[in-house]
Amino acid sequence: MAAPIGVHLEFRGGAELLFNGTKEQHVTLPSQPTPWDIRQLLVWIKTNLLKDRPELFIQGDTVRPGILVLINDADWELLIFPIVRAASERGDLWGNHQPRNRILVKDTKIPI
């Protein structure tokens, strides 16, 4: 059973408009049978935090083009495979031992 994990979320570049103008938020993800991965986190964010226009945030099972997601300052798409492997081995979301992981969600293409 994966323990609860603390995450510091930041929304920038217009992404904060989808979250009621909230630019930063600390959340604790609940425990679950398997370790958290980034795709599960995105679904959790959509279900629990997203306030407006989900089509501007999520497309299928990932973020829409133009949304940049950084995990502890690294692009999540570059880390996705090592993260899943490390998370399953170490029991945490990103394979590190930081007490709070930082996730930055930035909109790089503001729709007109």
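Accessible areas here come from the Shrake-Rupley method with a 1.4 Å probe, and for residues only the protein chains shown count as cover. On that basis the chain exposes about 6,300 Å², with carbon and sulfur atoms supplying 55% of it. This is a predicted model, in which local features need pLDDT of at least 70 and side-chain atom pairs count only at pLDDT 80 or more, while totals for chains, interfaces and linings use all residues. Residues are numbered from 1 along each chain as its sequence is written, and side-chain values use heavy atoms, with hydrogens and water left out.

**Overall layout**

- The chain has two helices and seven strands; helices (H or I, at least four residues) and strands (E, at least two) are DSSP runs, numbered from the N terminus.
- Of the 112 residues in the chain, 44% are buried; buried means under 20% relative accessible area, exposed means over 50%, and partly exposed lies in between (1.4 Å probe, protein chains only).
- Among contacts (heavy atoms within 4.5 Å) between residues at least 6 apart in sequence, 61% join residues at least 24 apart.

**The sheet and strand β1**

- Five strands form an open sheet with mixed pairing, in the order β2-β1-β7-β5-β6; two strands pair if DSSP finds at least two bridges between them.
- The edges belong to β2 and β6 (74-75), each of which has a single partner strand, so one side of each is left without a neighbour in the sheet.
- β1 runs antiparallel to β2, and six bridges join the two.
- β1 also pairs with β7, this time in parallel, again through six bridges.
- In β7, Val105 is the bridge partner of Phe11.
- Seven of the eight residues of β1 are buried, which leaves this strand mostly covered.

**The nonpolar core**

- In soluble globular proteins, nonpolar side chains tend to be buried together.
- A nonpolar core is a set of buried Ala, Val, Leu, Ile, Met, Phe, Trp, Tyr and Cys residues joined through side-chain atoms within 4.5 Å.
- The largest such core here has 27 residues, and those with the most contacts inside it are Leu9, Phe19, Leu29, Ile45, Phe57 and Ile103.
- Two or more residues each come from β1 (5-12), β2 (24-29), α1 (38-48), β5 (67-71) and β7 (101-107).
- Helix α1 gives the most to this core, with five residues.

**Helix α1**

- Ile38, Leu41, Leu42, Trp44 and Ile45 are buried in α1.
- These residues lie on the same side of α1 because they cover an arc of only 160° around the axis, the arc being that of the directions from the helix axis to the C-beta atoms.
- Val43 and Thr47 are exposed, on the face of α1 turned away from its buried side.
- Asp37 caps the N-terminal end of α1, with a side-chain oxygen 3.1 Å from the backbone nitrogen of Arg39.
- A polar contact is a pair of N or O atoms within 3.5 Å; within protein, one must be able to donate a hydrogen and the other to accept it, and residues adjacent in sequence count only if both atoms are side-chain atoms.

**Loop residues worth a look**

- Arg64 sits in the loop between β4 (62-63) and β5, and Arg64 counts as buried, with a relative accessible area of 9%.
- The side chain of Arg64 reaches the backbone oxygen of Leu56 at 2.5 Å.
- Most residues other than glycine have a negative phi.
- Asn20, in the loop between β1 and β2, has a positive phi of about 60° although it is not a glycine.
- Asn20 counts as exposed, at 64% relative accessibility.
- Asn72, in the loop between β5 and β6, also has a positive phi, near 50°.
- Asn72 counts as partly exposed, at 21% relative accessibility.
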